[in-house]
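This briefing is meant for a reader who is meeting the structure for the first time. Please keep the sequence and the 3D view side by side while going through the points below.

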Amino acid sequence: MSDYINEGTAIILRSTLSVAVLFIISKAIGTRQISQLTFYDYIVGISIGSIAASLALDKDITFWHPLLAMIVYALFSYCISLITSKSIIARRFFTGKPDIIIYKGSFIEKNINKNHLDINEVISECRLAGYFNIADIEYAIMETTGKISFLPKSSARPPNSCDLNLSPKPSELVANIIIDGKIMSENLKAMGKNEQWLKNELQKQKIDKISDILLATTDSEGSLSVYFKNIKLKNEDYFI
């Protein structure tokens, strides 16, 4: 009887330790791990979960062995997040990049197959997003998180104040031409612009340092939108 009590006590203590370590690791990694899983996040998540289960139930292994393994996985995840935040090439390698799967009401079969989808799955996602007619969709984009974003055609979107008494403009994607202080030359060229145009537009907005820009986008009409780094909220308790 005492053996059962001792085993039960050991499981309770190891499980408590496992939960505590998981909580600390989750807080350290951040909310991305639980809200927007990339391929790498998924691998790290299930690995840490499996190790935590071993820590709680496998009495034949020393408790600090799985504990050390969990810390190593967490450190790898943290290091990868740091690298991807600094390097666009690393970001594309570890998290991938979005793919257009519907373009102006037509399926892009190559990208659908690339993301291991079939037509029925895509159609189902369209219906769940409220689009029962594929012809109403200007763009559908498979994001790196596994979710699909939709841009409806101007004739299919709900009217807004800009549309009243006016013919709606065709929907267009914007191009990211600066990311993390780096100019995306290919994207800039795809929009029919060059770096001199970009410098002139930045000067009009009295922006001297490209390194201060987190993201800059432009559309087909040459409208430049700039978002700066290190913007601080006056009140950080909006969602408490």
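In which loop does Asp180 lie? Asp180 is placed in the loop between β5 and β6, in a model that is predicted.

**Overall figures**

- Of the 240 residues in the protein, 27% are buried, a word that here stands for a relative accessible area under 20%.
- The protein exposes about 16,600 Å², and carbon and sulfur atoms supply 59% of that area.

- The backbone of Asp180 has a phi near 55°, which is a positive value in a residue other than glycine.
- When neighbours within four places in sequence are left aside, Asp180 is in contact with Ser85, Arg91, Ile213, Leu214 and Lys229.

**Helix α9 and its surroundings**

- Helix α9 covers residues 195–204, and within this helix Trp197, Leu198, Glu201 and Leu202 are buried.
- Seen down the axis of α9, the buried residues fall within an arc of 135°, and therefore they line one face of the helix.
- These buried residues of α9 pack against several elements, namely the strands β5 (175–179), β6 (182–183), β7 (213–218) and β8 (224–228), together with the helix α8 (185–190).
- Glu201, which is found in helix α9, is classed as buried because its relative accessible area is 14%.
- Apart from its neighbours within four places in sequence, Glu201 is in contact with Gly222 and Leu224.
- At the start of α9, a side-chain oxygen of Asn194 reaches to within 3.2 Å of the backbone nitrogen of Gln196.
- Just after α9 comes Lys206, with a positive phi of about 60°, although Lys206 is not a glycine.
- Lys206 belongs to the loop between α9 and β7, and this residue is exposed, since its relative accessible area is 75% and the exposed class begins over 50%.

**Helix α7 and its two ends**

- The N-terminal end of helix α7 (residues 119–128) is capped by Asp118, with a side-chain oxygen that lies 3.0 Å from the backbone nitrogen of Asn120.
- After α7 the chain continues to Gly130, a residue whose phi is positive and near 95°.

- Leu13 has its place in helix α1, which covers residues 2–29, and with a relative accessibility of 58% Leu13 counts as exposed.
- Leu13 and Ala56 are 43 residues apart along the chain, yet their C-alpha atoms are separated by 8.0 Å.
- Ala53 lies in helix α3, which covers residues 39–57, and with a relative accessible area of 40% Ala53 is partly exposed.
- A further pair is formed by Ala53 and Ser15, which are 38 residues apart in sequence and 8.0 Å apart in space when taken from C-alpha to C-alpha.

**The largest pocket**

- How much space lies in the largest pocket? The space there comes to about 1,500 Å³.
- The lining of this largest pocket is made up of 37 residues, and those that lie nearest its centre are Lys97, Pro98, Asn176, Ile179 and Asn187.
- At least two residues of the lining come from each of the helices α4 (64–86), α5 (88–95) and α8, and likewise from each of the strands β1 (99–103), β3 (137–142), β5 and β7.
- Three of these lining elements, β5, α8 and β7, are also among the elements against which the buried residues of α9 pack.

How values were computed
Residues numbered from 1 in each chain as written. Predicted model: local features only at pLDDT ≥ 70, side-chain atom pairs only at ≥ 80, totals over all residues. Heavy atoms only, no water. Buried < 20%, exposed > 50% of the residue type's maximum accessible area, 1.4 Å probe, protein only. Helix = DSSP H or I, 4+ residues; strand = E, 2+ residues; numbered from the N terminus. Arc of directions from axis to C-beta. Contact = heavy atoms within 4.5 Å. Polar contact = N/O pair within 3.5 Å; in protein donor to acceptor, adjacent residues only side chain to side chain. Areas by Shrake-Rupley, 256 points an atom, 1.4 Å probe, with all protein chains shown as cover. 1 Å grid on protein atoms, 1.4 Å probe; cavity = no way out; pocket = protein on both sides within 12 Å on 5 of 7 lines; lining within 4 Å. Points joined across faces, edges and corners; volume = space filled by probe spheres on them.
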